[in-house]
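Please keep the view open as you read.

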Amino acid sequence: MKFQSTRKNCKSTSISSAILEGLAPDGGLYVPEKFPPHLGNITDESFSTFAFHALAPFFKGQVIEKQLEEICAKAFDFPLPLEFFQENAALLELFHGPTAAFKDFGARFLAFAMSAIIEAKDQRERTILVATSGDTGGAVASAFHKRPGIKVAILYPEGLVSPRQEKQLTCWGDNIVAFKVAGTFDDCQALVKEAFNNSQLREQFGLTSANSINLGRVLPQMAYHAFSSSKFKEERNLIPTLIIPTGNLGNAVGAFWAKRMGSPIANIVLATNANKALPVYFDSGKYKERKSVATLANAMDVGAPSNMERLLHLIPSLEELQKISASYSVSDEEISETISQFYREQELILCPHTAVAMKVWQEHYPTVPSILSATAHPAKFESIVEPLIGQQIPLPAVLQNLIAKNSTALAIAPHLEELISKL
Ligand SMILES: *Cc1c(COP(=O)(O)O)cnc(C)c1O
């Protein structure tokens, strides 16, 4: 199986190279040239076994083909509950991994797969650079901690992430280095871009990326959408619509791929916060990158979704897209109301991102069989959620362990030379 760039200006490549490189040489994102005919629908398996069977065709003939089952077992060693909160509507709880957010699925699979590929292929050390405003960095650090052959440098804006988030970025040591940058998130991102655009540095440090453009993060997300929709169909004999809190569109592209491969998925609904690039595209057919605006669902504060290229590559026609998908925007006020209401009426505690999906379900799909992605544990956003529900949220054990660790971070100015000198 081969993978091509969305921009079609470079040669197709194997999945191993696509995972090691992150971004295609022409600046596009890797996508499958052709999809396998189906993803399987055997739901009496555990998720890790299901994921192994679903992903096996993608890795056929690759150096890590024989290790794939073990990689899936190690990466997905936590529960994936589908919790019905109404007769025909369920929350897919994606937050039971080590950093209590859905990004653990993609980051852990990528970490185990990348490390195994390096070991089997060239044994050359790689350095992952990540700019983070909070969530991504924690999931990547946790996943790559002590993985052989890989060093991780995390850049975060000093004073602009919450104390709990900072802890999750700085508590690792070993092969993980945290840089607190005297600047904003945009400065961190610009620094990472500058490093990647410097081909000599890229070569010297074996720079690569673990953000949501890496194919290795999208594939497991495809697998859990396939798994949960098959399970829903089996339990309710109905085909669910998926409602997905969306920022960079990584989670949602996984759902579009699962549907393309025949998983029982009706529609795919993209629920955004006040960042409206997607709803505007669905309304007007015009896709325009915007400046991001800050909201309560901050992991979705994205003005230009990085996986838009993959979506447009898969379904270039807006008319075709509208037949199976829609997008709605939710305001901060609605996020707050939804969190309060669901706690009051059902004792359900939602994180701000999950609340975005819940509001869209309530407003547009209340009688439609639905799976809503619950993307983070509410305890990660306690300063927003606790005042709304008038309760403390018990911290999950995984987060308690992280918070008990020591932290270290290197302070740097937002200049490439300083970053390089400390790498
Ligand atoms: C990253 C994130 C999202 C958005 O996912 P995308 O794949 O970027 O669309 C939603 N919720 C939470 C909690 C996240 O961390």
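A salt bridge here is a side-chain nitrogen of Lys or Arg within 4 Å of a carboxyl oxygen of Asp or Glu. Searching the whole structure turns up ten salt bridges. In one of them, the side chains of Arg-7 and Glu-309 meet at 2.6 Å, N to O. Arg-7 sits in the loop between strand 1 (3–5) and helix 1 (15–21), and Glu-309 in helix 12 (residues 308–314), so this pair ties together parts that are 302 residues apart in sequence. Helices (H or I, at least four residues) and strands (E, at least two) are DSSP runs, numbered from the N terminus.

A word on the model: it is predicted, so local features need pLDDT of at least 70 and side-chain atom pairs count only at pLDDT 80 or more, while totals for chains, interfaces and linings use all residues. Residues are numbered from 1 along each chain as its sequence is written, and side-chain values use heavy atoms, with hydrogens and water left out.

| Protein atom | Ligand atom | Distance |
|---|---|---|
| Leu-249, backbone N or O | oxygen | 2.9 Å |
| Gly-250, polar backbone atom | oxygen | 3.1 Å |
| Thr-375, polar side-chain atom | nitrogen | 2.8 Å |

Taken alone, the ligand exposes 380 Å², and the protein buries 98% of that. These areas come from the Shrake-Rupley method with a 1.4 Å probe.

How many cavities of 30 Å³ or more are there? The count comes to two. A cavity is a set of points, on a 1 Å grid over the protein atoms alone, where a 1.4 Å probe fits but cannot get out; lining residues have an atom within 4 Å of a point. Volume is the space filled by probe spheres set on the points.

The largest cavity has a volume of about 50 Å³. Its lining includes Thr-246, Gly-247, Lys-276 and Met-300, and divides into five nonpolar, four polar and one charged residues. The second largest cavity holds about 30 Å³. Helix 6 (residues 163–170) gives the largest share of its lining, three residues.

Technical notes. 1 Å grid on protein atoms, 1.4 Å probe; cavity = no way out; pocket = protein on both sides within 12 Å on 5 of 7 lines; lining within 4 Å. Nonpolar A, V, L, I, M, F, W, Y, C, P; charged D, E, K, R; others polar. Polar contact = N/O pair within 3.5 Å; in protein donor to acceptor, adjacent residues only side chain to side chain.
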